[in-house]
Amino acid sequence: MRRLSLLALIALFPLTALGGDLTAPVEKRLYLASGAGNVLHEIIPLLPFTPDNRQACYIATAAMGADWAQYEIDTVRDAGFQVKLTDLATLSETTVTAAFQDCEIIFVGGGHTLYLLQEFRRSGFDKLVTRKIAEGIPYVGTSAGSIVLAPDIECVKFADQPEQAPELTSFKGLDLFPLVPFVHFDHPDFKAYYREIMAFALDNDVPFLTLNENQFIFVEGDRWRIVEAET
């Protein structure tokens with residue numbers, strides 16, 4: 001039996017108060033992971049459709065050319081999606097909408113979180129993806145791709161190099177999820193970073209939750225829960 005954490009109990013409550021509109025809105029669906037490739041087999045049954053030949057836009061911008069991003073791209077493709085690779089660094093506010101016009105699901109990979117947020121804003125993707133999510137397009141985040149949806153991501157500066165995002169003028173995230181996901185929390189390579197990150201979060205009342213490598217946050221409409229993938 002899986003253990004229920006305090007955060008799992010909190011997740012039973014809605015993100016926002018229920019309104020009185022009888023018209024059922026399209027529900028947003030977020031899947032926020034440390035590594036989506038590791039838990040994709042658990043994410044797929046929670047999608048509103050099967051992967052077969054669905055157009056998946058994969059954003060590898062945060063990886064900044066690192067080879068390890070290819071593993072996740074291959075995993076998404078092997079699951080049955082048609083993968084369209086997209087780099088926000090090559091887009092602008094005049095071209096970003098067309099780049100995602102046929103997108104049925106959005107994957108945002110990991111890497112440098114501050115640089116990713118910079119490119120979200122510079123390209124206008126921050127506004128576009130907010131609209132897409134509101135329209136019901138599923139959003140799957142890996143590491144940095146999960147963190148940028150938080151209200152504020154200043155605590156990430158202890159793990160990333162701010163100088164690699166010189167155009168970033170604010171740590172304000174997209175505010176589409178109310179807590180900062182502390183991804184890779186059980187990974188030994190991140191222990192040193194989290195000593196500073198946790199101290200900053202506690203000193204500044206930053207709302208956060210921790211995510212291990214085999215966990216992801218599933219947001220459906222105004223509710224969310226942590227899913228632990230079977231290994």
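In the predicted model, helix α2 spans residues 36–43 and helix α3 spans residues 69–78. The two helices pack with their axes 9 Å apart. The angle between them is about 20 degrees. Angles under 35 degrees count as roughly parallel, and α2 and α3 are therefore roughly parallel to each other. Their crossing is right-handed. On the α2 side, the contact is made by Ala36, Gly37, Asn38 and Leu40. Tyr71, Glu72, Thr75 and Val76 contribute from α3. By class, the residues of this contact divide into four nonpolar, three polar and one charged.

Helix α5 covers residues 113–123, and helix α6 covers residues 125–134. Their axes lie 5 Å apart, at an angle of about 85 degrees. That value makes α5 roughly perpendicular to α6, since angles of 65 to 115 degrees fall in that class. Phe120, Arg121 and Ser123 represent α5 in the contact. They meet Phe125, Asp126 and Val129 of α6. The residues of the contact of α5 with α6 comprise three nonpolar, one polar and two charged. Glycine 124 follows α5. The phi of this glycine is positive, near 85 degrees.

Nine of the eleven residues of α5 are buried, so the helix is largely enclosed by the rest of the structure. The buried set begins with the run Thr113, Leu114, Tyr115, Leu116, Leu117, Gln118, Glu119 and Phe120. Ser123 is also buried.

The secondary structure of the protein chain comes to eight helices and nine strands. The chain has 231 residues, and 48% of them are buried. Contacts between residues at least 6 apart in sequence were also classed by separation. Of these, 81% join residues at least 24 apart. The accessible surface of the protein chain comes to about 11600 Å². Carbon and sulfur atoms account for 54% of that surface.

Terms used:
Residues are numbered from 1 along each chain as its sequence is written. This is a predicted model: local features need pLDDT of at least 70, side-chain atom pairs count only at pLDDT 80 or more; totals for chains, interfaces and linings use all residues. Side-chain values use heavy atoms; hydrogens and water are left out. Axes are lines fitted to C-alpha atoms, for helices over the stretch in contact, and angles run from 0 to 180 degrees between N-to-C directions. Helices (H or I, at least four residues) and strands (E, at least two) are DSSP runs, numbered from the N terminus. Angles under 35 degrees count as roughly parallel, over 145 as roughly antiparallel, 65 to 115 as roughly perpendicular and the rest as oblique. Contact means heavy atoms within 4.5 Å. Ala, Val, Leu, Ile, Met, Phe, Trp, Tyr, Cys and Pro count as nonpolar, Asp, Glu, Lys and Arg as charged, and the others, Gly among them, as polar. Buried means under 20% relative accessible area, exposed over 50%, partly exposed in between (1.4 Å probe, protein chains only). Accessible areas come from the Shrake-Rupley method with a 1.4 Å probe; for residues, only the protein chains shown count as cover. A crossing is left-handed if the near helix is turned anticlockwise from the far one by less than a right angle, and right-handed if clockwise.
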